[in-house]
Amino acid sequence: MLSSPIVRTSLIFTAIALVGLFFADIAITSANPWKDLGRFFFGIITPDFFSTEGLATALLRTVAFAFVGVALGSACGFLLALVYRAYPVRIFCAFIRAIHELFWALIFLQFFGFHPLTGVLAIAIPYSGIFAKVYSEILEEADPEPGRLLPPGTSVISTFLYARIPDCWVQMRTYTAYRLECGLRSSAILGFVGLPTLGFYLESAFSQGHYSDAGAMLILFYVLIATLPLWVKPKLLPVYILGAPFFLGEGLPIVWGNVTRFFTQDIVPSPLKNEEGWAGMGTWLGDLFINQAMPGIWNTVILTQIALVATGIIALLAFPLISTHFGGPVRRTSGHVFLVILRSTPEYILAYILLQLWGPSMLPAVVALALHNGGIIGHLIGRQSSSIQLRPDAPKGVNRYTYELVPRVYRSFLAFLFYRWEIIMRETAILGILGIYTLGFYVDSAIQNIQFDKAMVLILITASLNIGVDILGRFIRKKLALQTMPTC
Amino acid sequence: MSGFDLTDLTASFGGERVIGPLSLSVKEGEKVALVGRSGAGKSTLIRLVYQQVESMASLVPQDLGLVNSLPVFHNVYMGRLDANATWYNVVTLMRPFAKDSQEVKELLSELEMSEKAWIAAASLSGGQRQRVAIARALYRKSGLLLADEPVSALDGPMAHQIMRLLKERFQTSVIALHDVELALAYCTRIVGIQGGQIALDEPSEKLTPADIMPLY
């Protein structure tokens with residue numbers, strides 16, 4: 001067993017996570033964690049749908065921001081996909097998708113303020129980068145033969161429309177629809193930085209201890225996502241896309257002076273602004289590195305590695321819940337509901353809730369990341385395991401799990417896990433905004449202290465870290481010959 | 001002009017020579033059948049010729065090259081994408097013009113599949129797919145046909161009907177065929193390929209099936 005590179009890789013990653021646990025700050029610090037948790041669950045089962053009049057508006061705004069952001073992102077991403085062969089385009093796309101939606105929102109908030117454009121661009125920009133990558137992969141996989149057979153002299157556009165797009169269309173549509181679901185989650189959490197979406201109302205309900213209101217919002221959000229196939233129909237799509245911009249809300253007007261100031265003054269490193277020259281710049285950067293970037297990177301990496309392994313454990317434990325090889329229809333249905341809830345709740349919201357209940361430490365973040373990502377991978381693996389045909393006399397129970405199923409799904413399980421490595425790291429960094437000492441914490445503090453120059457440098461560092469992990473993850477997947485379709 | 005005169009044709013796969021060096025000259029009006037064992041290099045030769053004469057030939061490759069998600073009409077229409085403006089092609093993709101759909105329909109009815117015009121190529125049978133690729137080549141209206149086993153998936157009568165049609169519509173043709181009888185019946189010249197070289201090159205009226213058998 002140990003000679004298998006797949007097993008060895010798994011063990012090495014587990015060992016790293018265990019060592020990380022010694023350095024991680026894992027604790028429950030609140031006085032009454034279980035009582036609070038109980039009150040929260042009581043809130044969920046006694047939802048109050050009518051207390052806040054803002055609830056309907058919040059849902060509408062959440063959907064509107066998601067539609068406008070994803071539509072814009074998919075259009076730009078498509079155009080970028082056409083020139084994706086160019087190396088600078090690849091770098092540019094990797095860079096814009098390495099920066100989390102919330103970081104983009106924090107940046108735009110500084111100069112566009114609470115204008116709808118802030119939320120739209122915060123979704124559209126990183127999504128363009130992701131769409132560009134996935135669309136170009138789909139287009140590349142298309143059969144080149146029909147294009148080669150066209151009469152010479154056929155225009156580029158005709159060639160593209162007849163010989164390329166048709167066979168990619170279904171896959172691109174499926175992926176875009178899937179991204180819309182991700183867009184709804186992104187849109188919801190934008191509320192946590194003050195945009196008028198679900199997160200905003202959720203945060204205020206929580207901070208006032210109105211758990212029944214919070215429960216109602218979460219339930220409506222799950223219903224919204226679970227019924228997506230019912231209300232998003234191809235024929236209605238143009239109506240939604242054209243209508244959505246009118247439901248983004250007024251926001252506050254853009255002060256163009258702020259925009260100019262942001263680019264010409266705010267983000268210029270302070271030593272350059274104060275004419276301290278390159279020596280001053282060196283001290284400034286060194287100080288930033290030692291006091292903020294280094295601890296931020298250290299905590300982000302530790303938390304990511306622990307969360308990655310915890311995600312894997314949750315996924316392996318959760319997939320039998322929906323696998324047809326175990327249990328009856330009742331258990332499978334409740335398994336499906338459970339996994340839908342796990343994967344529909346953005347990790348940011350989960351982490352926020354757990355943080356309110358357990359107090360600040362890395363624990364809520366690890367649990368939130370593991371539950372959300374484990375739910376996604378568990379769902380995918382469970383579905384895959386159901387398509388496996390077992391021999392009629394196959395063992396049952398634990399033996400079936402360990403001998404028949406896990407060995408068969410383990411490769412694709414690892415593929416998904418390493419694919420999500422970079423996503424987990426991006427989320428880990430952003431959870432710092434909630435007060436865990438990852439990179440997001442230092443970015444957020446710099447913004448609070450109106451040091452946008454520092455914040456920008458830290459965001460660039462975060463992006464580079466994500467790109468690095470993405471490359472490493474791809475390298476490992478290639479080395480172990482693991483293949484997967486993208487997930488978000 | 002639909003004939004060609006090619007010399008020094010060669011092709012290698014992974015460093016191994018599979019074709020040539022050989023010369024092939026086809027005069028206008030000739031109907032050439034390429035015969036020989038599978039793997040002898042017929043498909044490669046067809047590809048080589050197509051690369052040389054590209055703009056004047058209609059090609060029916062062995063794997064057909066259909067766009068599976070497009071209907072039969074559009075797959076056929078693609079044979080003449082260069083003849084129309086881009087905007088015209090874009091509109092046709094959404095809603096074909098009556099004139100074109102009429103013409104394609106007539107062509108399809110000669111291939112006995114007019115009722116399939118609006119069905120996606122993906123849901124056709126092997127023989128029907130082959131006829132779509134042939135319709136595309138016919139629609140192209142060039143003088144020279146290059147076809148690689150164009151009737152391999154068709155039953156007897158249909159295969160004869162299609163071969164007759166191809167003979168009638170294309171002034172010049174080079175068709176790879178494994179069916180010796182079809183080759184003798186519908187072609188004027190038989191070129192036998194063996195080990196990447198031309199092993200036989202005779203007018204078909206001088207040959208009997210027995211003369212060709214040694215190639216197999």
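User: Which residues touch the most other members of the largest nonpolar core?

Analyst: The model is a predicted one. In its largest nonpolar core, which has 136 residues, A:Ala351 and A:Leu458 touch the most other members. Helix H19 of chain A, residues 397–431, gives the most to this core, with 16 residues.

User: What makes a residue a contact of A:Leu458, and which residues are in contact with A:Leu458?

Analyst: Two residues are in contact if their C-beta atoms lie within 7 Å. Leaving aside neighbours within four places in sequence, A:Leu458 is in contact with A:Gln292, A:Ala293 and A:Gly296, and also with A:Leu439, A:Tyr442, A:Val443 and A:Ala446.

User: Which residues are among the members of the other core?

Analyst: Another core, of 63 residues, lies apart from the largest one; B:Leu34, B:Leu81, B:Leu166 and B:Ile212 are among its members.

User: How many helices and strands does chain A have, and why is chain A called as compact as a globular protein of its length?

Analyst: Chain A has 21 helices and zero strands. Its radius of gyration is 23 Å, and the globule rule gives 23 Å for 488 residues; the two values are close, so chain A is as compact as a globular protein of that length. Of the 488 residues of chain A, 44% count as buried.

User: What share of the contacts in chain A joins residues at least 24 apart?

Analyst: Among contacts between residues at least 6 apart in sequence, 77% join residues at least 24 apart.

User: How do you know what span to expect of helix H16 of chain A?

Analyst: The expected span is 1.5 Å times one less than the number of residues. Helix H16, residues 329–344, has 16 residues, and 22 Å is expected; the helix reaches 22 Å from its first C-alpha to its last, close to that value.

User: Which residues of H16(A) are buried, and what covers them?

Analyst: The buried residues of H16(A) are A:Gly335, A:Leu339, A:Leu342, A:Arg343 and A:Ser344. Their cover includes helices H10 (211–226), H15 (277–318) and H18 (362–386) of chain A.

User: How many residues does each chain give to the contact between chain A and chain B, and which element gives the largest share of the side of chain A?

Analyst: Chain A gives 18 residues and chain B gives 22 residues. Helices H7 (145–149) and H8 (156–190) of chain A are the elements that give two or more residues to the side of chain A. The largest share, nine residues, comes from H8(A). By class, this side has 12 nonpolar, four polar and two charged residues.

Conventions:
Residues are numbered from 1 along each chain as its sequence is written. Chains are lettered from A and ligands numbered from 1 in the order in which they are written. This is a predicted model: local features need pLDDT of at least 70, side-chain atom pairs count only at pLDDT 80 or more; totals for chains, interfaces and linings use all residues. Helices (H or I, at least four residues) and strands (E, at least two) are DSSP runs, numbered from the N terminus. The radius of gyration is taken over C-alpha atoms; the globule rule is 2.2 Å times the number of residues to the power 0.38. A residue is buried if 20 or more other C-beta atoms lie within 10 Å of its own, exposed if 12 or fewer, and partly exposed in between; C-beta atoms are placed from the backbone. Ala, Val, Leu, Ile, Met, Phe, Trp, Tyr, Cys and Pro count as nonpolar, Asp, Glu, Lys and Arg as charged, and the others, Gly among them, as polar. A nonpolar core is a set of buried Ala, Val, Leu, Ile, Met, Phe, Trp, Tyr and Cys residues joined through C-beta atoms within 7 Å.
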